[in-house]
Amino acid sequence: MSQSGTSAGIGFLRERIAALEGRGAATSRATRPRVSFGEGSSLDRLLGGGLARGALHEIVPGRPGDAVAASGFAAALSARFALEHFPANRASVRVAKMRQNKEVELLSDSPGSDSAPKAAPIVWILEDGVRREWGTPYGPGLRLHGLDPARLVLVHARDVRESLWCLEEAVKCRAPAAVVAELWTLEKAYDLGASRRLVLAARESGTPALLVASRLARGADRLSSAATTRFEILSAAGSRLAPAGRGPPLPGLASWSVRIVKARTGPGGCGLDREKDLAVTWDHEKACFRDALPLALPALPRDRPDRPAKARRGLARIA
Amino acid sequence: MRLADARAMHPSLACVASDPQAEAETLGAIADWCRSFTPLVALDPPDGLVLDVTGAAHLFGGEAKLLALIEARLEARGFSARAAIGSTPEAAWASARFGELRILEPDLDEKELARRLGPLPLAALRLDRAVLAGLARAGLRRISDIVLRPRAPIVARFGPALHDRLDGLLGRAATPISPRFEAPLYLAERRFADFILRREAIEATILSLARDLCTMLARHGEGARRLEASLFRVDGLVRRLEVGTSRPLRDPGLVARLLCERIDAAGTDGEALDPGYGFDVIRLAALAVERKDAEQTSAIEPVDEAADLADLVDRLGARLGMRRVTRLAFDARHVPEFAVAAVPAAASRPAAVARKRPARKDRARASAVEPRDTEKPSLAALPSRPIRLLHHPEPIETIASVPDGPPVRFRWRKVLHEVAAIEGPERIAPEWWRAERAATRDYFRAEDTEGHRFWLFREGLYGRETACPRWFMHGLFA
């Protein structure tokens, strides 16, 4: 069989599988736009244009102390989802279209209805173990972080089974912009079957599910689940600011070092390297991710001396 | 008489140590069971129950039949009970314990009541033993002895309680009973000649009861905020399952679903719904209702995300308990741990409120917490509050270069952190207008070499409030 014949066959089979899984090319990319991480973010590039909405994303801390960093990353992601949340069902699309045509100007209930999608709630499920260890999400802090605390519905679950049940119930619901679940242990409750249920529920409703496995430090590669994406999060030293006077520098923006362990994006993403850590920062004012660029940028070539430094040293010695 | 003497007289005497708590529990269980006769059941410790059967007796074929039914059923369960019906709780109490008459008709006047209850001993008035002894010494033994006597000397000698009781007994004064549970506003129930056992049957019953209840609610233009399902087991045990809702609810499907969720939750709590020999009465009641106007149903597919969320909150609340599903409510206090409180999501609707309320007031409240919020944020403004706040500030060991300077390294949860970057202090004074004494806190945002960011504070001003200030970890940044 010729080379092109094989690839055509594989392509056909891939399409069949995608159709069986309900994520055919027509359904996935056209009707469910991905949510971008932020303009020009390299995470977007790697994941084929951002995070899928109706999907399960897992967030695993890289070290035991990084659980809060992982939950902060989840909060940032949910802020992204909330920013671009629009009612997903057909009727609202229809209403929106009618509104565009200015046919139902009089019918629209209130001037605030345009801001209604912004008030989409975020359901945050917190297991008691996580709460004891790392505290509760703090409203004023979340507000400064770019996430409106008024839209947060905080659910305290007793154990992992309860958390997963809540997660599934919340994901089945169309109203939340995102559902975050912080789990303490995943043992025996979270497996391929459980994650598959969540994926199906999320795909059905279009509500993204973000699962933070607080205690699974360094276990991101061993976890087997049906999740669409899996991130490993390490807290990274952000760009520190110079102090006004003497003394140590000031802490900078929230920043993480993100490793994409798993991404079921298909051919859309490119250059995905599982071993590569990607430094990102969170811009809390614009509520978007940015690539953390090293502050010490190399000088532009025209400002450099035309001879390399070593040679210059040699020159100096001669002179 | 001592136990030993009693045993000497009757060697076969069975002795059981008294257990007041178990007795009270049993009485409570009997009271719950009695709610299948009337919703208004009051406990009368240690050994009595008061049932308000006004308007309920005809359902059981009259008062005599109701009495016989209650007594027979209790006897079948192994209790020996005496029941009596009277116009007042006191009259019923007296005739149940001391009288020959079991039923005092409702239309008896005071004189007739006095004639019928007159022969009873004064103990039927529930008096103190000391008062009874005093009365006995005075030669007063029966109720008829005091009915016609002048009131003043008796009150002067034995206190007002005696005549209060007498007034109650003869219907001169109305005494309330305090029912164990409030009477529900709407109620639907099914009685089964043959008890039901299976889960599917129970769920179907609840659904059909919910339909009845919602029809009643719809007729009055109301919706339920608190619902209760009572399942009466054949052997007298009663299971009550209560659910709250975040909005007035009138949809039978949703009501039934919430209650079934609650049954599931009871299963995971360990006290699963055990049907035993089956349930013979299932009752659904709306305990709290609110006005709910008929909704406009739209021709196109309904887009009610708020309702969708309310249903989710109810469902989660039914399974986990309403207190575990919360929203954050801001409080205008500047001490970090009090600035925000978790309130049950079902009770508050901040999303709806925030949309209606003018933004100015909201912002004014927020500004008490976060003044930066109102201004145009500058690029240099970094989050000054953590995203996670620990339950209690945890003490840490710090090393600082100067006593009131920022720490150079600190040990938290047995791990040593080297401070690489630090900002502070942000001084937060205690609320001096409250009574409790607290020290000033200096908050620092610190970042260690690994990039973890912490929110630390030093309690007490060095030199002014305390000689050796203590350090605490209070929160964590992302």
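1. Strand β4 covers residues 222–233 of chain B, strand β6 covers residues 279–291 of chain B, and eleven bridges join them. The two run antiparallel. Strands here are DSSP runs (E, at least two residues), as are helices (H or I, at least four), numbered from the N terminus. Two strands pair if DSSP finds at least two bridges between them.

2. A word on the basis. This is a predicted model, in which local features need pLDDT of at least 70 and side-chain atom pairs count only at pLDDT 80 or more, while totals for chains, interfaces and linings use all residues. Residues are numbered from 1 along each chain as its sequence is written, and chains are lettered from A and ligands numbered from 1 in the order in which they are written.

3. Confidence comes next. The predictor gives the complex an ipTM of 0.75 and a pTM of 0.72. Chain B has a mean pLDDT of 83, and 90% of its residues reach 70 or more. Here pLDDT is the predictor's confidence in each residue, from 0 to 100. Residues 350–380 of chain B fall below 50. That stretch still has 30 contacts in the model beyond near neighbours in sequence. Two residues are in contact if their C-beta atoms, placed from the backbone, lie within 7 Å.

4. Back to β4(B). Eight bridges join β4(B) to β5(B), residues 238–249, and these strands run antiparallel. B:L231 stands opposite B:R239 in β5(B). Four residues lie between the strands of this hairpin, and B:G236 takes a positive phi there, near 100°.

5. How many residues does the largest nonpolar core have? The number is 120, and A:F73 and A:V155 have the most contacts inside it. Helix α4(A), residues 67–83, gives the most to this core, with twelve residues. Apart from it lies another core of 61 residues, including B:F158 and B:A286. A nonpolar core is a set of buried Ala, Val, Leu, Ile, Met, Phe, Trp, Tyr and Cys residues joined through C-beta atoms within 7 Å. A residue is buried if 20 or more other C-beta atoms lie within 10 Å of its own, exposed if 12 or fewer, and partly exposed in between; C-beta atoms are placed from the backbone.

6. A:F73 touches residues of both chains: A:I59, A:F231, A:I233, A:W256 and B:A478, leaving aside residues up to four places away in sequence.

7. Strand β4(A), residues 152–157, deserves a look. Six of its six residues are buried, so the strand is largely enclosed by the rest of the structure. A:L152, A:L154 and A:H156 lie on one side, and A:V153, A:V155 and A:A157 on the other. Six bridges join β2(A), residues 122–127, to β4(A) in parallel. A:W124 has A:L154 as its partner. Three bridges join β4(A) to β7(B), antiparallel. There A:V153 stands opposite B:R327.

8. The interface is next. 54 residues of chain B are in contact with 56 residues of chain A. Helix α12(B) gives the largest share of the chain B side, eight residues. That side divides into 32 nonpolar, six polar and 16 charged residues. Ala, Val, Leu, Ile, Met, Phe, Trp, Tyr, Cys and Pro count as nonpolar, Asp, Glu, Lys and Arg as charged, and the others, Gly among them, as polar. Two bridges join β3(A), residues 136–137, to β9(B), which run antiparallel. A:T136 has B:L389 as its bridge partner.

9. Some backbone points to check. Most residues other than glycine have a negative phi, and most peptide bonds are trans. The bond from B:P45 to B:P46 is cis, with omega near 0°. B:P46 sits in the loop between β1 and β2 of chain B. The bond from B:G424 to B:P425 is also cis, with omega near -5°. B:P425 is in strand β11 of chain B.

10. Which residues other than glycine have a positive phi? B:R126 is one, at about 60°. B:R126 lies in the loop between α5 and α6 of chain B. B:R126 counts as partly exposed because it has 16 C-beta neighbours inside 10 Å. B:R413 is another, with phi near 50°. B:R413 lies in the loop between β10 and β11 of chain B. B:R413 is exposed, with 10 other C-beta atoms within 10 Å.
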